Amino acid sequence: MTKQVPQSEIRIEGLTGDAAIAHALKQCDIDVLSAYPITPQTIIVEDFQKFAADGEVKTRVIPVESEHSALSACVGASALGARVATASASAGLALMWEILYCAASMRQPIVLAVANRALSAPINIHNDWSDTYGARDSGFIQLYCQSCQEAYDTTIMAFKIAEDHRVLLPVMVCIDGFILSHNVERVEMLPDKAVQDFVGVRVPYQVLDPDNPITMGPLCLTDYYFEFKEQQDRAMKAVPEVYKAVEAEFKEMTGRSYGVVEKYMTDDADIIVFTHSTPAGTAKAVVNAMREKGEKVGLLRLKMFRPFPAEQVREAVKKAKAVAVFEKCMSFGAPSNPLALELRTALYDLEKKPMVTDFVIGLGGRDVPPTTIVDGIEKTKKYLQERSAPMYETLGVRK
Amino acid sequence: MSERFDQVPIAGNIIKPGNATQYKTGGWRAERPVHTPDNCLWIKNGTCGRCWILCPDSAVRLIEKDGKYSYEYDYDYCKGCGICANECPTQSIRMESE
């Protein structure tokens, strides 16, 4: 039974989202960190290398020449049974692409911290979700954080979820680049021992061992490949249950929990804003302000994008008149954009469906002020009256 | 080739040593070699055997019993590459669609 950590043992620090993740990695006592620095993820690796240089961790830090190699080294180390982490963003994540699939399909429980950043061209270092949304089918679990505290907590929980033998899948812990990665917030840090007791020692399912040789990642063609994909899909389906159990244990220790979705004033809401990461914080302020005026709006914040918690989302929004999706990504040529596509699919079988409006916001770090969210809600009201809405539109572009 | 998804080792890991005889590579085949023995030099007088020498999968077996020559294909391993048919000096082997 996990005990609650007494307040006197909790250290409160001002940390950026990146630093919060670096501290979490340190406390999880990882064996190997292999990463290549890329803005806005850099602080994670910088801070962690300081810990290593100062002898605060026993971790082997492997400097590499690219992200492709960074994740390759992680896969190798993880196959040996090590607890492994890396971090990336944007083009770096894109350069990991081939190995993302290897890590997930070889069922290696690697934790990959991503400071979400736009993809080129034009080159842009600021936040949107194009990088991790592009990797949504790679087989990684994807968890999105709204605060530095949540980034810290989620990183700790990620190891426990990934290493569970019902799962054995890698996890992306995603924070919004600069908005969270570089902003200092109050973070409650647990004592090292509490974290280590919580995550425990990794018990690998199968390892590379010279005394008992096995082959990992062999060629597999038409005769078996499909069966392994079925296995992988079943493992993904086991994630929500494991997540729930891990989070319940974490809540006992800290009093904090997030859920796969966070419902905020959704029960009687006519219009529900559906988003995640930092826009969800802005949306919460908008919901508060609009509620004061007597308008029935709510917020559904998604924490887990992969696997997509369709049932919980459906349940949370089914009574609403409309769901306004706000997303920082575009799927060029698709009927609408990734988050709305997921939502529409989840709602398709409902007999009485809420209208779905989809707003693309904040690409390349374009500011998302409360007025953008209000604008989307007002447009949704208008579309409800007209009983028709476009599949998606952009907000915040000079048109 | 018949285990269910929950009976195969996780992630395709090969957990015990084996060799290539366990891969039934014949499942890849699009065309199969078919033999017409009339002009076959091996069957006539036990010479040639080019198909046996050149088969990259050792899927051709030459048999001699009481001075009589014959052979057989092991279709479990024949990938249907067509080398035997191409190299046969008397065109005794032709490729047919599966």
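B:Cys51 counts as buried, because its relative accessibility is 12%, and the cut-off for buried is under 20%. This value, like the others here, comes from a predicted model. B:Cys84 is also a buried residue, with a relative accessible area of 10%.

The next topic is how the two chains meet. On one side are 20 residues of chain A, in contact with 14 residues of chain B. The size of an interface is often given as the accessible area lost when the parts come together. For chain A and chain B the buried area is about 1600 Å², and 64% of it is on carbon and sulfur atoms. On the side of chain A, the residues that lose the most area to chain B are A:Tyr224, A:Phe228 and A:Gln231, together 28% of what that side buries.

Helix 9 of chain A, residues 225-237, gives the most to the side that touches chain B, namely five residues. By class, that side of chain A has ten nonpolar, five polar and five charged residues. Between chain A and chain B there are zero salt bridges, while six residue pairs across the interface are in polar contact, both residues at pLDDT 80 or more.

Key:
Residues are numbered from 1 along each chain as its sequence is written. Chains are lettered from A and ligands numbered from 1 in the order in which they are written. This is a predicted model: local features need pLDDT of at least 70, side-chain atom pairs count only at pLDDT 80 or more; totals for chains, interfaces and linings use all residues. Side-chain values use heavy atoms; hydrogens and water are left out. Buried means under 20% relative accessible area, exposed over 50%, partly exposed in between (1.4 Å probe, protein chains only). Contact means heavy atoms within 4.5 Å. Buried area is the accessible area (1.4 Å probe) that two parts lose on being put together, summed over both. A salt bridge is a side-chain nitrogen of Lys or Arg within 4 Å of a carboxyl oxygen of Asp or Glu. A polar contact is a pair of N or O atoms within 3.5 Å; within protein, one must be able to donate a hydrogen and the other to accept it, and residues adjacent in sequence count only if both atoms are side-chain atoms. Helices (H or I, at least four residues) and strands (E, at least two) are DSSP runs, numbered from the N terminus. Ala, Val, Leu, Ile, Met, Phe, Trp, Tyr, Cys and Pro count as nonpolar, Asp, Glu, Lys and Arg as charged, and the others, Gly among them, as polar.
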